[in-house]
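Here is a short report on one protein model. Keep the sequence and the structure in view while reading.

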Amino acid sequence: RQEKDWSNLGLNLFRQTMSNWILIASRDWLMPIVNLLHEKMLEEKYLHADETKVQVLNEKDRKNTTNSFMWVYGTYKDSKFPMRIFEYQPTRNGDHAKDFLKGFSGYLITDAYKGYEKVENIIRCYCWSHLRRYFVDALPSDIKKQEATLPTQAIQYCKELFKIESELESLTPKERKKPRQERSKPILEAFWSWVNANRDNCLPKSKLYKAFNYAINQKEGLMQFLEDGNISITNNLAENSIRPFTLGRKNWLFSGSPEGAEASAAVYSIIETAKANDVNPYNYLLYIFKYMPGVRFDEEPEWLEDFLPWHPDVQAFCKNKASK
């Protein structure tokens, strides 16, 4: 589309040229920042993670129709230094998460994908939005039918928990813990009693039975948010971070090479981290490409700190106008 737009303006700028610009810019200017963000992310105590499919062409020893994956990792909502890092990998193997998070020790908030069990020194925290989807999927097409009663009740339990969380959002993490124990815990105890009482009242192998099993199997991780006010009840932060990628994928469909997928991951990391820091992504990219070429950060790596999105100079140059 861009190639055609430039042609209409009288400039023969080929897509391969533009692709090469992105590859080189990502390699020379964006990846050093992403690598530094990665180092700092491993120092955090609470992280979110998610992954989504991406088609990548010209992968060695793989068909072009084989699914690859884009992983995303993010700091928790109240982190002093918000970060979102995308990483392309050819598979969904949990070893990729294990390698990326090597050195991290803390709470990892995800769905219940077993691949994350390979990550060492973490406490798994599961997403209630994901559990809710299981019961939503179990609703029959005609929700007035009798069999809709149980999924509806489960969804109502989730709504009550989400309502409490929205009311506690303005509190500090330390302040959030006590009302969770006082208000959310009784709802959870009622929910688990309800699950145990009704699990066998549905057909084996049905979607509803699958939802009950999911809840029971993930109970420990689903209860974890009660123990620490910094733990989110959902993994929506990671899912919202990866959504622009999934929307974009509907337009560009695939990456032309593994190198292209890696460059794409770097670009999305910079843009989503900028947004998380209330920094205008376009202005941030402009700042990076304007000033980084004159900095010998390969010799003085500490100078890269000046290009992180929370640095005062970056904030002054790139801050969203609406927040001033």
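## The largest pocket

Helix α2 gives the largest share of the lining of the largest pocket, eight residues. Helices here are DSSP runs of H or I with at least four residues, strands are E runs of at least two, and both are numbered from the N terminus. The model is predicted: local features need pLDDT of at least 70, side-chain atom pairs count only at pLDDT 80 or more, and totals for chains, interfaces and linings use all residues. Residues are numbered from 1 along each chain as its sequence is written, and side-chain values use heavy atoms, with hydrogens and water left out.

The largest pocket holds about 1,400 Å³ of space. A pocket is an open set of points on a 1 Å grid over the protein atoms alone, where a 1.4 Å probe fits, with protein on both sides within 12 Å along at least five of seven lines; lining residues have an atom within 4 Å of a point. Its volume is the space filled by probe spheres set on the points, which are joined across faces, edges and corners. The lining has 25 residues, and Q2, R15, S19, I22 and W252 lie nearest the centre. At least two lining residues come from each of α1 (2-8), α2 (15-41), α9 (236-252), β6 (254-255) and α10 (258-276). By type, 12 are nonpolar, 10 polar and three charged. Nonpolar means Ala, Val, Leu, Ile, Met, Phe, Trp, Tyr, Cys and Pro; charged means Asp, Glu, Lys and Arg; the others, Gly among them, are polar.

## The overall fold

The protein has 12 helices and six strands. Its C-alpha trace spans about 65 × 45 × 40 Å along the principal axes. Of its 324 residues, 47% are buried. Buried means under 20% relative accessible area, exposed over 50%, and partly exposed in between (1.4 Å probe, protein chains only).

Contacts are heavy atoms within 4.5 Å. Among those with a separation of 6 or more, 64% join residues 24 or more positions apart.

## Aromatic pairs

The whole structure contains 24 aromatic pairs. Rings of Phe, Tyr and Trp (its six-membered ring) pair if their centres lie within 6.5 Å; planes under 30 degrees apart are stacked, over 60 edge-to-face, and the rest tilted. F135 and F212 are edge-to-face, because their ring centres are 5.6 Å apart and their planes stand at 85°. F135 lies in helix α4 (residues 128-137) and F212 in helix α7 (residues 207-217), so the pair ties together parts 77 residues apart in sequence. Both F135 and F212 are buried.

Y287 and F307 form a tilted pair, 5.8 Å centre to centre with 55° between the planes. Y287 is in helix α11 (residues 281-291) and F307 in the loop between α11 and α12 (312-318), so this pair ties together parts 20 residues apart in sequence. Y287 is buried at 10% relative accessibility, and F307 is buried at 5%. Elsewhere, ring pairs link W128, F135, Y157, F191, W192, W194 and F212 into a cluster.

L131 is found in helix α4. Its relative accessibility is 0%, so L131 counts as buried. L131 touches F191, A211, Y214, A215 and L222, leaving out residues up to four places away in sequence.

E165 sits in helix α5 (residues 149-168). E165 is buried too, with a relative accessible area of 13%. Leaving out residues up to four places away in sequence, E165 touches R176, R180, S184, F225 and I233.
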